[in-house]
Amino acid sequence: MGTELMRSEAICNCGRCKVQCAGPPERVSVCHCLSCKRRTGSALSWNATYKSENVVSEGSFANFSRVTDTGRTNRYFFCTHCGAVMFYEVEMRHGMLSVPAGLFADPAFQGPETEVFDQRAVAWCNIDVRSD
């Protein structure tokens, strides 16, 4: 009897772009940096990071790069129609792609195991980071 590999599908707002992720994420995190707040329009970002070979994208994507607070470069890929950021590359995590976890629209998707830039969290935000 074979085992079926877990698959998650992220879909943009208009449905024209999709990202298929095979297996569990290598890391699930929340980030409180100012750039992530601007990217999401929210108090934080919730991200699932996968090995790039486990991610397949379809649709029409544009991209842009920015230098981070730590001097590294991130490159963001977004839907050319609705503008949703579908995945991004972080220079310091070579061979990995991060997907905004809310795009999976799965209430059972795993919670964060790590929190970054927590010193920039809004005062009312308390994240229960799981500790495995």
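This is a predicted model: local features need pLDDT of at least 70, side-chain atom pairs count only at pLDDT 80 or more; totals for chains, interfaces and linings use all residues.
**Figure 1**

Figure 2. In soluble globular proteins, nonpolar side chains tend to be buried together.

**Figure 3. Ser8 in strand β1.** Ser8 lies in strand β1, which covers residues 7–11. Is Ser8 buried or exposed? Its relative accessibility is 10%, so Ser8 counts as buried, the cut-off for this class being under 20%. Ser8 touches Val19, Gln20 and Cys21, as well as Tyr50, Phe104 and Phe109, when residues up to four places away in sequence are left aside.

Figure 4. Pro25 is found in the loop between β2 and β3 (27–31), whereas Thr49 is placed in strand β4. Pro25 has a relative accessible area of 11% and is therefore buried; Thr49, at 1% relative accessibility, likewise counts as buried. Beyond residues up to four places away in sequence, Pro25 touches Met6, Ala48, Thr49, Tyr50, Phe109 and Gln110. With the same exclusion, Thr49 touches Pro25, Glu26 and Arg27, and also Arg93, Met96, Leu97 and Ser98. Pro25 and Arg72 are 47 residues apart along the chain, and their C-alpha atoms are separated by 23 Å.

**Figure 5. Ser35 in helix α1.** Helix α1 spans residues 34–40 and includes Ser35. The relative accessibility of Ser35 is 17%, so this residue counts as buried. Ser45 lies 10 residues away from Ser35 along the chain, and the C-alpha atoms of the two are separated by 9.6 Å.

**Figure 6. Gly102 and Ala105 in the loop between β9 and β10.** Gly102 is found in the loop between β9 and β10, and Ala105 is found in the loop between β9 and β10 (114–116) as well. Gly102 has a relative accessibility of 51% and counts as exposed; Ala105 is exposed too, with a relative accessible area of 65%. The C-alpha atoms of Gly102 and Asp69, which are 33 residues apart along the chain, are separated by 24 Å. What is the phi of Ala105? Ala105 is not a glycine, yet its phi is positive, at about 50 degrees. Most residues other than glycine have a negative phi.

**Figure 7. Phe117 in the segment after β10.** Phe117 is found in the segment that follows β10. Although Phe117 is not a glycine, it has a positive phi of about 55 degrees. Its relative accessibility of 26% means that Phe117 counts as partly exposed.

**Figure 8. The whole chain as context for the close-up views.** The protein chain contains 1 helix and 10 strands, which run β-β-β-α-β-β-β-β-β-β-β from the N terminus on. Its radius of gyration is 15 Å, close to the 14 Å given by the globule rule for 132 residues, so the chain is as compact as a globular protein of that length. Along the principal axes, the C-alpha atoms fill a box of roughly 45 × 35 × 25 Å. Of the 132 residues, 37% count as buried. Among contacts with a separation of 6 or more, 54% are accounted for by residues 24 or more positions apart. The chain exposes about 7700 Å², of which carbon and sulfur atoms supply 49%. There are 14 positive and 14 negative side chains, and the centres of the two sets lie 7 Å apart.

Technical notes:
Residues are numbered from 1 along each chain as its sequence is written. Side-chain values use heavy atoms; hydrogens and water are left out. Helices (H or I, at least four residues) and strands (E, at least two) are DSSP runs, numbered from the N terminus. The radius of gyration is taken over C-alpha atoms; the globule rule is 2.2 Å times the number of residues to the power 0.38. Buried means under 20% relative accessible area, exposed over 50%, partly exposed in between (1.4 Å probe, protein chains only). Contact means heavy atoms within 4.5 Å. Accessible areas come from the Shrake-Rupley method with a 1.4 Å probe; for residues, only the protein chains shown count as cover. Lys and Arg count as positive and Asp and Glu as negative; His and the chain ends are not counted. The place of a charge is taken as NZ of Lys, CZ of Arg, CG of Asp or CD of Glu.
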